[in-house]
Amino acid sequence: MSKNHFARKLFLAAPLCLFAVGCGGDPMMDEAAANAAVTEAAAPAAPEDASLATSEQGVALGGTYWWGTAANGLTSTAIGTSTNRTCFLTGVQGNLKGTSWAGVGVFQYAGNWEIFVNQSNGKALSSGVQCINTATNRTPEVSWYDGQAAKLLGAVTADRRCFLTQVEAAGGFTANADYARVWNDGYNWYLGGNLGAAGGARAVCVDVPSDAGGWLWIAGNPGSFTHNLAYNPGGVACMLSGIGGNFSTSNYTDGVSIDYNSGTRYWEMTVSNSKRGWGNCVK
């Protein structure tokens, strides 16, 4: 699929309310200059200028990336091969509200993965991505949009794990009740949700031997907090299986993100201002 075709498709502390739910079944900045930045850091920060960097997090993964911009249109950068390597969404921060379709995440192009931000409102918007070094039994990407029935991702197997790769909005993700996520019912994996206006998400599954736990965290409004997910004795990765809430603030730290804290060896999730994140970890 060409980049142009892809772009056309895209255009088609205060009191906190904390909830922790083990997942597996179905639980229920300021404005930046129009420059993009991609980093590999444990926690994203507002970009001063464009840069691409890598850093070790003490786990055997395939790369951790962040891409943020206030520039209109589709902006993306290659983050490495898609051969024996799969990349998933770990962060959505900023403003998905615009005059047309907006989206963040990762996609495959010309044998590589590309991290992207697409928007039309000139506001801060960013995407976090985690790659893992496996493509075993990787499923085709599946899209779900508001108003559709939940989409089948594949049958539950001993090793199959499914995560988000993209979220998109053209009016959706502007209410606290809006959400999109993946889940399984013990028989099949699904992608679906509930949005008050146009929007959706995409997801991919891949085989990873062990499930290291699942969590749902919800922030109060106003408010922001960071909470531990899985401890990392080595080889643990955590990615987003769902997001929800009102993503209409031009701020690179307002949203949902999963990051690795090398000082504590814990994966962490940060949520803010009534947003919620579903995170699952694998090993």
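Which hand does the link of Cys87 and Cys131 have about the S-S bond? The close-ups below take this up, along with the other disulfides.

**View 1. The whole protein chain.** This is a predicted model, where local features need pLDDT of at least 70 and side-chain atom pairs count only at pLDDT 80 or more, while totals for chains, interfaces and linings use all residues. Residues are numbered from 1 along each chain as its sequence is written, and side-chain values use heavy atoms, leaving out hydrogens and water. You will find 1 helix and 19 strands here (DSSP runs, numbered from the N terminus: H or I of at least four residues for helices, E of at least two for strands). Of the 283 residues, 54% are buried (under 20% relative accessible area with a 1.4 Å probe, protein chains only).

**View 2. The disulfide of Cys87 and Cys131.** The S to S distance is 2.0 Å, and with 100° about the S-S bond the link is right-handed. Cys87 sits in strand β4 (residues 86-94) and Cys131 in strand β7 (residues 125-132), so the pair ties together parts 44 residues apart in sequence. Cys87 is buried at 0% relative accessibility, and Cys131 is buried with a relative accessible area of 0%.

**View 3. The disulfide of Cys162 and Cys205.** Here the sulfur atoms lie 1.9 Å apart. Strand β10 (residues 160-170) holds Cys162 and strand β13 (residues 198-207) holds Cys205, so parts 43 residues apart in sequence are tied together. Both cysteines are buried.

**View 4. The disulfide of Cys238 and Cys281.** The sulfur atoms are 2.0 Å apart, and the torsion about the S-S bond is about 105°, so this disulfide is right-handed.

How values were computed:
Buried < 20%, exposed > 50% of the residue type's maximum accessible area, 1.4 Å probe, protein only. Disulfide = S-S within 2.5 Å.
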